[in-house]
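Trainee: I am new to this structure and would like a close look at one part of it. Please take a single residue, describe its surroundings, and then go on to other parts in the same way.

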Amino acid sequence: MLRRVGAGCFISTGRSLEQAIERVKLAESLGYESVYTTHVAGRESLTVLTAYALATSRIRIGSGVVPIYTRTPATMAQTAATIDELSGGRFTLGLGVSHRPVVEGWHGQTIDRPVAEMREYASIVRAILRGEDPPQGEKWQTGFHLLGLEPRPALPIYVAALSPAMLRLAGEIADGAILWLCNPRYIREVVIPEVRAGRERAGLPLDGFDVVAAVPSALTGDRDGAYKAMRKDLIPYFGLPFYRAMIERTGFGADIEAYDQGAGAGDFEAMQSAISEGFLDELTAVGDESGLIGGIERYRDAGAGSPCIGPIPGTDFEATLRAGSGPRAPLERWPRIGV
């Protein structure tokens with residue numbers, strides 16, 4: 001049996017929910033194992049995932065990710081259990097802290113102790129899904145139990161993580177970690193060691209823990225055009241503290257410094273050009289079919305069990321999905337990390 005190189009993909013709705021659903025159906029037909037959607041200011045992600053579930057029969061669907069401060073743990077668990085039932089047990093709940101502009105500016109909540117609050121929130125959600133009494137936390141208290149719906153103890157919970165502390169927590173309490181802007185070097189040198197430390201703290205093996213890495217991908221002969229589009233997309237992330245710290249850890253502190261100089265001068269073009277070609281070379285999978293697949297394989301070789309193709313604006317994402325789905329190597333070539 002052959003394993004697909006692109007184990008998963010990210011498909012958000014953009015301007016058209018109908019087109020997104022067709023792309024999810026295409027991904028399923030091509031053999032992708034999972035599809036995730038992001039949670040931003042457009043269509044509500046868990047509702048979208050319900051539509052994905054009803055339009056498919058095999059592919060796993062997952063949130064990548066829902067900020068924990070947008071719903072109480074009881075509401076999150078209830079929604080997750082419902083989607084898991086509708087999908088026939090195909091749902092993965094991805095949880096994240098998000099960022100202060102979103103949590104405070106959009107939702108009127110506060111991020112006080114992100115790692116401790118993620119631990120508390122995920123523990124409550126997990127207990128509800130298992131049909132257990134939820135533990136009482138400092139930020140959230142609930143006596144909620146599912147009624148008229150069977151517990152979903154096998155429903156996987158993944159945690160979005162960038163920092164070493166959050167990665168260790170993901171290893172300790174979750175079934176997987178979801179990464180964004182984490183290039184293969186960061187995965188190899190930071191993600192896997194910290195996740196392993198968290199697993200050891202919980203007395204668990206690394207084997208079986210999933211690492212989902214979003215890989216900006218494009219089948220294209222116009223690398224410069226794809227990089228230009230990526231630079232525009234990445235501008236907000238270079239201004240967010242959690243991502244800035246991670247980018248500096250990857251060895252691209254000079255990019256941050258140049259970005260800050262451009263931002264200080266109000267020069268948007270300089271902010272974009274601060275994102276170096278070297279940074280994009282490591283982050284993306286762009287080029288012909290060989291370049292695309294090679295870029296994805298770098299993530300798997302670094303330890304990402306589920307590299308997930310994501311779109312780059314202005315490129316043909318359906319062509320990218322088709323090229324990235326091709327069988328490349330026997331399953332035995334891709335052992336789980338830690339084996």
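**A buried threonine and other contacts**

Mentor: At 10% relative accessibility, Thr 13 counts as buried, because the cut-off for buried is under 20%. The model is a predicted one, and that applies to every value in this answer. Thr 13 sits in the loop that runs between β2 (8-10) and α1 (17-29). Its side chain and the side chain of Arg 43 are joined by a polar contact of 3.3 Å. Arg 43 is also among the residues that Thr 13 touches once those up to four places away in sequence are set aside; the others are Ala 20, Val 48 and Tyr 52.

Ser 63 belongs to strand β4 (residues 60-63). Ser 63 has 0% relative accessibility and therefore counts as buried. The side chain of Ser 63 reaches the backbone nitrogen of Gly 94 at 2.7 Å.

Next come pairs of helices. Two packed helices are described by the angle between their axes and by the distance between those axes. Helix α7 (residues 184-201) packs with helix α13 (residues 289-302) at an angle of about 15°, and their axes are 8 Å apart. That angle is under 35 degrees, so α7 is roughly parallel to α13. The crossing of α7 past α13 is right-handed. On the α7 side the contact is made by Pro 184, Ile 187, Arg 188 and Ile 192, and on the α13 side by Arg 298, Tyr 299 and Ala 302. By class, five of these residues are nonpolar, two are charged and none is polar.

Another pair is helix α9 (residues 241-249) and helix α10 (residues 253-264), which pack at an angle of about 135° with their axes 7 Å apart. That angle makes α9 oblique to α10. Here α9 contributes Arg 244, Ile 247 and Glu 248 to the contact, while α10 contributes Gly 253, Ile 256, Tyr 259 and Asp 260. The contact of α9 with α10 divides into three nonpolar, one polar and three charged residues.

Conventions:
Residues are numbered from 1 along each chain as its sequence is written. This is a predicted model: local features need pLDDT of at least 70, side-chain atom pairs count only at pLDDT 80 or more; totals for chains, interfaces and linings use all residues. Side-chain values use heavy atoms; hydrogens and water are left out. Axes are lines fitted to C-alpha atoms, for helices over the stretch in contact, and angles run from 0 to 180 degrees between N-to-C directions. Helices (H or I, at least four residues) and strands (E, at least two) are DSSP runs, numbered from the N terminus. Angles under 35 degrees count as roughly parallel, over 145 as roughly antiparallel, 65 to 115 as roughly perpendicular and the rest as oblique. A crossing is left-handed if the near helix is turned anticlockwise from the far one by less than a right angle, and right-handed if clockwise. Contact means heavy atoms within 4.5 Å. Ala, Val, Leu, Ile, Met, Phe, Trp, Tyr, Cys and Pro count as nonpolar, Asp, Glu, Lys and Arg as charged, and the others, Gly among them, as polar. Buried means under 20% relative accessible area, exposed over 50%, partly exposed in between (1.4 Å probe, protein chains only). A polar contact is a pair of N or O atoms within 3.5 Å; within protein, one must be able to donate a hydrogen and the other to accept it, and residues adjacent in sequence count only if both atoms are side-chain atoms.
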